[in-house]
Amino acid sequence: MNALLTLIFSALAAVMLFLHGLAAFSEETTRLGGERLRDALRRLTRTGWRGALVVLALPQ
């Protein structure tokens with residue numbers, strides 16, 4: 001039971017750390033890019049097809 005509890009808490013901690021990092025990345029991207037980046041992304045992804053093409057064109 002102890003090993004199972006450790007596994008559950010480790011998985012929960014990993015998910016929380018991932019979500020925290022995602023939120024921090026989002027805040028930093030917003031701070032660095034601001035409105036200009038948001039407007040550029042809005043123009044590039046105006047339709048579903050254009051959005052899919054933008055995603056496919058990104059470097060892997």
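**Exposure, bends and bridges**

Modeller: Let us begin with L44, which is partly exposed because its relative accessible area is 43%; buried means under 20%, exposed over 50%, and partly exposed in between, with a 1.4 Å probe and protein chains only. The model is predicted, so that local features need pLDDT of at least 70 and side-chain atom pairs count only at pLDDT 80 or more, while totals for chains, interfaces and linings use all residues. Residues are numbered from 1 along each chain as its sequence is written, and side-chain values use heavy atoms, with hydrogens and water left out.

Colleague: Leaving aside neighbours within four places in sequence, which residues is L44 in contact with?

Modeller: L44 is found in helix 1; helices are DSSP runs of H or I with at least four residues, numbered from the N terminus. Contact means heavy atoms within 4.5 Å. Once the neighbours within four places are set aside, the contacts of L44 are R50, G51 and V54.

Colleague: How far apart are the C-alpha atoms of L44 and V54?

Modeller: Along the chain, L44 and V54 are 10 residues apart.

Colleague: Where does helix 1 bend?

Modeller: Helix 1 covers residues 2-44, which is 43 residues, and a straight helix would reach 63 Å at 1.5 Å a residue; the expected span is 1.5 Å times one less than the number of residues. The end C-alpha atoms are only 51 Å apart. A bend is the angle between axes fitted to the seven residues ending at a residue and the seven starting there. In helix 1 this angle is about 95 degrees, and the bend is at G34.

Colleague: How many salt bridges are there?

Modeller: A salt bridge is a side-chain nitrogen of Lys or Arg within 4 Å of a carboxyl oxygen of Asp or Glu. E28 and R31 form one at 2.4 Å, N to O, and E35 and R38 form another at 2.6 Å. D39 and R42 also pair, with their closest N and O atoms 3.0 Å apart. The count is three.

Colleague: Why are E35 and R38 separated by about one helical turn?

Modeller: Both residues of this pair are partly exposed, E35 at 46% and R38 at 37%. They are separated by about one helical turn because, in helix 1, E35 and R38 are three residues apart.

Colleague: Which residues form the nonpolar patch on the surface?

Modeller: Patch residues have over 30% relative accessible area and no salt bridge; like charges are joined within 9 Å, and nonpolar side chains (Val, Leu, Ile, Met, Phe, Trp, Tyr) within 5 Å. One member, F9, is exposed at 52%. Together the patch has about 420 Å² of accessible area, computed by the Shrake-Rupley method with a 1.4 Å probe, where for residues only the protein chains shown count as cover. Its members are L5, F9, L12 and M16.

Colleague: How far apart in space are A57 and G21?

Modeller: A57 is found in helix 2, residues 48-57, and counts as exposed at 64% relative accessibility. In sequence, A57 and G21 are 36 residues apart. In space, C-alpha to C-alpha, their separation is 25 Å.

Technical notes: Helix = DSSP H or I, 4+ residues; strand = E, 2+ residues; numbered from the N terminus.
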